[in-house]
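Subject: Structure handover

Hello,

Here is the structure I said I would pass on. My notes on what was found in it follow below.

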Amino acid sequence: MIPVEPNSTICSLDRRPLQPPYRRRSTGTNAIRKFCKILFCLQTVLILAAQESYFVLRILNGSVHTLESIKDRIHLYFTQLLRFESSFDLIDSRSGSCDRYVRKEFSDGPGEPRGAVFNALDTMLKGSLDRLKTMRENIVWGYSRGNIVSENVFQSDISMIRTLCVEGKLGTALWLWRTEVQQLRIPDVITHNYLLNALCKSGDMGMAEWLVEEMFRQGPPPTCATYNTLLKGYCLLDDMDKALDVFCTMAYCGIRPNRVSCNILVHALCQKGLLSSARNLLEKILDGNNDGEMSNLITSTILMDGHFKSGDMDGALNCWNDILGKGIELDAVAYNVIIHGYCLSGDINLAYKSLCDMFKRGHFPDIFTYNTLISSLCKSGRIDEACYVFGLMSRMCVPPDEITYKIVIQGLCISGDVVRANYFLSHMLENSIIPKPVIWNVIIDAYGKYGQVQEALSVTNKMIEFGVLPNVYTCNSLIHTHIRDGSIDKAHYLKRQMPNGISPDSVTYNLLIGAACDLGDITYALLLHDEMLKGRCEPDIITYTELIKCYCMRNKMKEAEELFFKILTSNLPYDHVPFIILMKKCFKLGELDKVFELYQIWLRGL
């Protein structure tokens with residue numbers, strides 16, 4: 001027997017030489033490294049997804065095959081790992097000495113099994129896939145949230161279109177409407193009615209009809225309110241033929257006209273003075289009697305107001321008696337119509353009687369009732385009584401508005417009580433109601449008529465202090481004030497120093513030409529006339545009348561007669577004043593034949 005050394009390495013038939021441990025270690029390590037690379041890629045995807053959700057959206061929603069390929073690669077590496085694990089077990093069964101090397105390579109510490117590593121890696125993979133699933137759900141939720149945001153933007157645009165229509169910014173509203181339609185987001189019928197109403201108020205009925213055609217073509221279909229708006233638009237333009245065509249078109253399109261449609265037509269017919277046609281339409285409305293007493297009252301009130309405005313007192317009272325006879329419950333509007341009708345006829349006592357009946361039936365007067373009474377009292381010269389009603393409405397908790405103050409201030413200025421008019425102006429400012437220029441101009445002109453120049457200038461300064469810019473009527477009132485005061489130079493200076501954006505009009509030149517003619521300065525009057533023509537301001541009959549008067553004052557009858565016959569041959573409307581001036585002058589000169597000739601021309605012109 002051959003002795004064998006203990007440290008010799010001899011290969012027997014049933015024992016193959018072991019591979020160096022570093023080869024097995026290298027194979028397992030490479031597998032784990034490949035697996036970790038997959039995890040790293042998944043985590044990288046998650047990080048990039050957090051930064052660019054659109055990229056993840058394309059991966060998850062548009063590239064499903066990519067995710068499937070990742071899953072296949074993961075399955076492949078798992079298979080390789082399992083095959084390596086089987087090789088390790090075979091090697092361990094043949095060599096116990098290698099076991100400690102394998103344990104050392106696949107354990108994080110002494111005594112830890114090698115399956116713990118694969119469990120940890122499996123947990124990491126599962127967590128990454130769960131995070132991908134959560135992100136996909138969040139992206140889907142983001143899509144639904146985006147739809148909600150889009151709907152909110154659409155509703156905001158709809159509200160904006162309606163607001164623009166109410167504010168009169170029709171061009172912007174139509175642009176926004178076209179934008180929505182181009183994006184296939186059709187606004188509702190109410191929004192279309194807003195647009196249609198704005199078009200009708202602007203008088204663009206061609207565009208209004210086009211909008212109705214668009215509603216038929218792409219929706220939403222027109223309603224009765226749509227046609228009522230179109231109907232009212234034609235009535236505002238006094239085009240009754242078109243209005244009646246629209247009324248007939250409603251029935252043709254299967255839309256039944258309602259009470260509002262009929263009320264619009266009744267009101268338009270009354271405005272045209274076609275009271276018989278309005279009454280016939282009213283009878284047809286009342287025969288239907290489908291919408292209750294209130295609609296009957298509205299229609300009857302419209303017809304009664306038409307009779308009052310046309311001067312048909314009997315017809316109006318017949319409508320009133322019909323309302324009372326049918327037992328229809330009255331309202332404040334009906335009483336306002338009857339009170340206004342009595343005021344138009346000048347019977348203020350009957351207006352007071354209707355006011356008392358209004359109180360008895362439990363209806364309280366509103367601002368329209370008081371304004372009607374105050375206006376009638378001021379026109380009849382009963383200014384103290386008008387001021388009493390003004391105080392009464394304040395005690396009845398009906399605050400006066402700008403129209404109320406305007407009526408009272410104008411009445412006081414006409415009656416010559418400028419001081420009290422100025423008091424009402426101060427009361428108006430104390431109540432935070434800033435008057436329009438017309439109210440300031442009335443007081444300025446009233447002070448000028450009574451020669452109170454400083455007071456007129458003081459009111460003008462107060463007007464500017466409250467942020468109300470003077471207009472050409474303000475300047476004309478001040479010019480007239482200076483002319484009456486004899487300060488012609490100040491009047492001319494004021495004309496030259498008019499604020500920016502204000503140009504002299506025919507009234508301005510007529511005041512200055514009249515002042516020059518009163519002084520007998522025909523040369524300067526003619527210079528003003530030429531300046532008037534250069535400024536593209538057309539002279540009127542008052543301008544030529546002042547020049548004729550000046551020629552007569554200077555005994556230049558030839559020039560006066562030439563200017564007079566120039567007026568007659570032109571299309572300029574004239575009155576009796578030039579005839580009176582020339583006839584008086586000719587009579588003083590003893591030219592009676594010319595006086596008779598002028599009288600004959602006057603008669604032929606009437």
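A salt bridge here is a side-chain nitrogen of Lys or Arg within 4 Å of a carboxyl oxygen of Asp or Glu. By this rule the count comes to 15 salt bridges. Please keep in mind that this is a predicted model.

E180 pairs with R185, with 3.1 Å between the closest N and O atoms. E180 is buried, at a relative accessible area of 1%.

R217 and E214 also meet through their side chains, at 2.6 Å from N to O. Because R217 and E214 are 3 residues apart in helix α8 (residues 205-218), about one helical turn separates them.

The salt bridge between E531 and K495 has an N to O distance of 3.0 Å. This pair links distant parts of the chain, with E531 in helix α26 (residues 522-534) and K495 in helix α24 (residues 488-496), 36 residues apart. E531 is partly exposed at 32% relative accessibility, while K495 is buried at 11%. Finally, a network of salt bridges links D384, D417 and R420.

Now the chain as a whole. The chain has 30 helices and 0 strands. Its length is 606 residues, of which 40% count as buried. The accessible surface of the chain is about 35600 Å², and carbon and sulfur atoms account for 56% of that surface. Among contacts between residues at least 6 apart in sequence, 60% join residues at least 24 apart.

Next, the interior. In soluble globular proteins, nonpolar side chains tend to be buried together. In this model the largest nonpolar core has 101 residues, and I374, I409 and I548 touch the most other members. Leaving aside residues up to four places away in sequence, I548 touches A560, L563, F564, I567, P578, I581 and L582. Apart from the largest nonpolar core lies another core, of 36 residues, which includes Y227, Y234, C235 and L265.

T226 belongs to helix α9 (residues 224-236). T226 counts as buried, since its relative accessibility is 1%. Its contacts, not counting residues up to four places away in sequence, are V189, N193, L196, V212 and M215.

Y194 is partly exposed, with a relative accessible area of 33%.

What about the cysteines: how many disulfides does the structure hold? The structure holds 0 disulfides. C550 is in no disulfide, and the nearest cysteine sulfur, that of C517, is 3.9 Å away.

Regards

Conventions: Residues are numbered from 1 along each chain as its sequence is written. This is a predicted model: local features need pLDDT of at least 70, side-chain atom pairs count only at pLDDT 80 or more; totals for chains, interfaces and linings use all residues. Side-chain values use heavy atoms; hydrogens and water are left out. Buried means under 20% relative accessible area, exposed over 50%, partly exposed in between (1.4 Å probe, protein chains only). A disulfide is a pair of cysteine sulfur atoms within 2.5 Å. Helices (H or I, at least four residues) and strands (E, at least two) are DSSP runs, numbered from the N terminus. Contact means heavy atoms within 4.5 Å. A nonpolar core is a set of buried Ala, Val, Leu, Ile, Met, Phe, Trp, Tyr and Cys residues joined through side-chain atoms within 4.5 Å. Accessible areas come from the Shrake-Rupley method with a 1.4 Å probe; for residues, only the protein chains shown count as cover.
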